[in-house]
Amino acid sequence: MSQEVVDGKEAATEEGIDSAIEANENKLKERKISWAKLRRVDSLNLEAGRVSTGEGHSDKVDWRRTLSLAFQSIGVVYGDIGTSPLYVFSSTFTDHKIENKDDIIGVLSLIIYTIVLVPMLKYVFIVLRANDNGDGGTFALYSLICRSARVGLIPNDQPEDRQLSNYRLDTPSNQLRRAQKIREKLENSKTSKIVLFLVTILGTSMVIGDGVLTPCISVLSAVSGISSLSKDAIVGISVAILIVLFSVQRFGTDKVGLSFAPIILLWFTFIGGIGLYNLFKYNPGVLRAFNPGYAVDYFRRNGKKGWISLGGIVLCITGLHETGTEAMFADLGHFNIRAIQISFSGIVFPALLAAYSGQAAYLTEFPGEVENTFYNSIPDPLYWPTFVVAVAAAIIASQAMISGAFAIISQSLSLGCFPRVKVVHTSAKYEGQVYIPEINYLLMIACVIVCVGFKTTEKIGNAYGIAVVAVMVITTCMVTLIMLVIWKTSIWWIAFFLVMYSSIEGVYLSSVLYKFKQGGFLPLAFSFVLMVVMGVWHYVHKERYMFELRNKVSSDYIKDLTANPHINRVPGMGLLYSELVQGIPPIFPHFIANVPSIHSILVFVSIKNIPISRVALEERFLFRHVEPRDYRMFRCVVRYGYKDVIERPKEFEQQLVENLKEFIRHESYIFEAIMREQPKQMTEPMNLQHSTILVNDGMVGRSGRSSTIHVVESQQQNYPCVSSGSIESIQVDGKSTNSFSKMVTSPFQGAEEEMQIVQTAKEKGVVYLLGEAEVVAEENSSLFKQIVVNYAYSFLRKNFRQGEKVLEIPRTRLLRVGMTYEI
């Protein structure tokens with residue numbers, strides 16, 4: 001509601017409620033409420049409405065804060081790409097022979113332009129713009145697309161969701177026909193929706209699988225600096241470091257995280273300084289590599305061998321998919337775009353160029369030492385300090401990758417794409433720092449197996465390259481779609497972006513796939529297993545939702561229930577959990593059949609995950625009455641973003657009850673306002689059937705933003721009962737409030753009584769009602785569907801956590817009833 005409307009209402013309140021009731025139509029117009037602007041909204045299942053004047057993520061930060069964020073981002077974002085100089089040249093010249101010294105300059109030229117074109121140009125200056133209110137990653141790109149076009153597989157989209165302050169899309173005002181046509185095709189094509197979902201979980205699976213490869217290759221390459229140790233000893237020490245690393249994950253990184261930035265900055269200082277030393281000492285002429293002609297000559301001389309070597313060269317941007325789309329990209333919530341651009345352009349990029357140029361200069365003098373170029377090129381006085389910092393940097397790079405895997409799985413849980421696991425939040429300061437015990441131990445076991453099985457960084461590098469390039473390709477495709485549908489960029493720029501990067505990444509992908517038998521199969525195997533798990537879980541999750549939607553309880557059943565004398569009302573409040581947001585779930589009649597009693601206040605709670613990173617607390621709860629009103633049953637949709645945390649029971653109950661009381665107060669005000677606006681109808685019964693009214697004042701307040709109120713009318717009811725319209729929150733001057741005290745002195749007396757009944761019911765005790773739905777395939781289903789539902793999903797469900805543990809439901813106040821869903 002605009003500020004002018006608020007000012008008008010405050011003036012009317014000061015004159016007194018009685019004078020307001022007696023005012024004529026002209027007086028009502030002076031109060032800036034134009035009920036003539038009411039219009040119908042075709043949304044049968046509209047839950048509730050709200051006023052939203054919130055703003056999205058802002059990059060307006062002073063330069064001191066930006067420089068501070070740029071420094072902090074070094075430790076969190078760049079550990080992986082920073083340790084790549086440890087193994088790039090050895091992975092490129094796999095036979096450890098350099099037949100032509102010009103090949104060194106050719107490889108250096110390829111490294112330089114790979115870093116310039118992909119991390120620098122593509123990610124830092126293009127992809128970072130495709131963030132989800134400051135958060136990034138594969139799921140963030142998918143969520144951004146889902147908000148612009150209804151391509152989600154679960155049909156729980158609601159008009160109110162688009163009113164969330166973080167939901168709004170900053171798109172150009174001109175609606176291009178091209179974007180509309182593409183959006184319509186995506187929304188009307190089931191195949192497109194499935195392909196988009198599969199591509200998303202493929203990219204996510206690759207990054208999770210990379211949580212195994214990054215620690216292995218980083219730690220192995222760092223420990224290999226002790227040349228006196230045998231290969232088995234290096235593997236043993238690496239395994240010990242990895243076990244310790246995974247064992248301390250449960251303590252979180254909040255305390256030690258402060259030291260990450262100084263250590264990684266010291267690491268970049270070392271590699272940059274050593275690189276400059278070697279460059280000027282051995283051969284400054286390698287700077288000719290800035291001429292791309294040397295890269296072309298490299299391919300002419302080596303042919304197929306040069307093409308195969310691209311699998312090693314691409315490791316110079318290892319961590320790019322993590323740095324670009326999960327760390328550089330995902331940490332935007334803490335490090336704004338400008339901070340990332342400054343840290344990469346001012347520190348990381350120069351240090352990497354100096355490091356690779358110095359190693360190339362060293363190899364021109366000692367071509368036989370390519371197997372361990374980095375450590376061999378270190379001046380003797382700096383050897384052991386560099387070794388210590390290298391091991392620390394490798395551990396930090398591994399830590400960032402492991403934390404990223406935890407965060408991605410946590411997001412997957414929120415979107416119904418992963419079986420339930422225990423998520424422990426290790427930091428009260430940073431919500432994104434989580435620890436998942438089951439995943440932690442699985443990753444640790446996998447890391448140990450990979451280290452013992454592969455033993456060398458060259459073999460692990462063959463596997464690592466596929467994960468790097470695969471996510472690069474997926475990111476290019478999804479950003480292209482965002483350019484088409486959301487950004488509405490010129491078609492020529494889109495074509496240029498797609499052609500250039502699909503060509504570059506296609507060549508790299510063909511090279512790394514050539515090494516499939518030499519270890520490239522590993523990330524694909526990891527991804528296949530994870531995709532099967534995520535795909536099976538999400539498919540059954542969707543089918544289960546559709547079953548509940550088709551079999552939701554009718555209004556006739558509720559009316560018959562209220563007339564049944566055998567149903568008892570017991571004191572207290574009952575919270576019946578369901579994922580259904582469009583009605584009452586079919587599990588409810590089973591509760592009544594087994595326990596023929598209903599609490600004095602019954603709330604059907606639907607936990608709904610919104611495709612945004614976070615939902616503001618004042619926008620989280622939506623309410624609606626279930627008729628008949630005097631039975632005191634409510635529907636409540638509780639909305640969470642994929643980075644939100646479900647509160648503890650005591651806190652959640654308090655929030656729900658307070659918002660429920662505000663809902664009762666607000667709807668009484670709304671109905672009172674309608675009565676004043678339409679005095680002629682006060683003497684006639686009101687017959688409203690599932691109608692939805694949108695009140696839009698059309699004004700703009702001092703903040704320069706317009707606001708909207710949704711009012712929802714429910715089933716048949718007669719005046720003077722208060723309507724079952726609902727309103728969630730009011731924002732004035734960008735600030736949200738849950739009180740109408742400035743507009744009306746007090747709600748109806750009936751509303752006060754209802755609010756007291758709700759509070760009393762909470763004090764009597766809150767009981768959680770949870771349905772144990774056993775999902776099975778229909779008898780006439782295909783064999784494949786029966787295997788997926790009856791065996792694969794059943795196995796996952798039995799071996800992962802149950803719903804009450806994920807929802808933090810106290811077992812002492814939990815009542816469960818079983819039901820079979822045939823899908």
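This is a chat about the predicted model shown above.

Me: Hi! What kind of model is this, and how many helices and strands are in the chain?

Reply: Hello! The model is a predicted one, and the chain has 28 helices and 13 strands.

Me: What share of the residues count as buried?

Reply: 57% of the 823 residues do. The accessible surface of the chain is about 33900 Å², and carbon and sulfur atoms account for 57% of that surface.

Me: How about contacts, what part of them join residues at least 24 apart?

Reply: Taking contacts between residues at least 6 apart in sequence, 84% join residues at least 24 apart.

Me: Nice. Now salt bridges: how many does the structure hold?

Reply: There are 13 in the structure. One of them pairs D103 with R301, with 2.8 Å between the closest N and O atoms. D103 sits in helix α7 (residues 101–125) and R301 in helix α13 (residues 293–302), so this pair ties together parts 198 residues apart in sequence.

Me: What does K122 pair with?

Reply: K122 forms a salt bridge with E505, and their closest N and O atoms are 2.5 Å apart. K122 is in helix α7 and E505 in helix α21 (residues 491–514), so to speak distant parts of the chain, 383 residues apart, linked by this pair. Both K122 and E505 are buried.

Me: Which residue does the side chain of R620 meet in a salt bridge?

Reply: That would be E647, at 2.6 Å from N to O. R620 is in the loop between β5 (597–609) and β6, and E647 is in the loop between β7 and α25 (649–677), so the bridge ties together parts 27 residues apart in sequence. R620 is buried with a relative accessible area of 6%, and E647 is buried too, with 9%.

Me: And which residues are linked in a network of salt bridges?

Reply: D95, E99 and K305 are linked that way.

Me: Let's go to strand β6. Why is it described as largely enclosed?

Reply: Because 6 of the 6 residues of β6 (residues 621–626) are buried, the rest of the structure largely encloses this strand. Both of its faces are covered: F621, F623 and H625 are buried on one side, and L622, R624 and V626 are buried on the other.

Me: In what sense does β6 pair with β7?

Reply: The two strands pair in the antiparallel sense, over 6 bridges, with β7 covering residues 633–640. V626 stands opposite M633 in β7.

Me: What about the hairpin there, which residue takes a positive phi?

Reply: R632 does, near 55°, in a hairpin with 6 residues between β6 and β7.

Me: Which residue just after α18 takes a positive phi?

Reply: G416, with a phi of about 70°.

Me: I was also looking at I271. Where does that residue lie, and is it buried or exposed?

Reply: I271 lies in helix α12 (residues 260–282). At 2% relative accessibility, I271 counts as buried.

Me: What is I271 in contact with, leaving aside neighbours within four places in sequence?

Reply: The contacts of I271 beyond those neighbours are G82, P85, A351, L352, A355 and F374. There is also Q359: I271 and Q359 are 88 residues apart in sequence, with 9.9 Å between their C-alpha atoms.

Me: Last one, the surface. Which residues form a nonpolar patch?

Reply: W63, L67 and I342 form one, with about 310 Å² of accessible area together. L67 belongs to helix α4 (residues 63–77) and is partly exposed, with a relative accessible area of 43%.

Note on methods: Residues are numbered from 1 along each chain as its sequence is written. This is a predicted model: local features need pLDDT of at least 70, side-chain atom pairs count only at pLDDT 80 or more; totals for chains, interfaces and linings use all residues. Side-chain values use heavy atoms; hydrogens and water are left out. Buried means under 20% relative accessible area, exposed over 50%, partly exposed in between (1.4 Å probe, protein chains only). Helices (H or I, at least four residues) and strands (E, at least two) are DSSP runs, numbered from the N terminus. Two strands pair if DSSP finds at least two bridges between them. Patches are made of residues with over 30% relative accessible area and no salt bridge: like charges are joined within 9 Å, nonpolar side chains (Val, Leu, Ile, Met, Phe, Trp, Tyr) within 5 Å. Accessible areas come from the Shrake-Rupley method with a 1.4 Å probe; for residues, only the protein chains shown count as cover. A salt bridge is a side-chain nitrogen of Lys or Arg within 4 Å of a carboxyl oxygen of Asp or Glu. Contact means heavy atoms within 4.5 Å.
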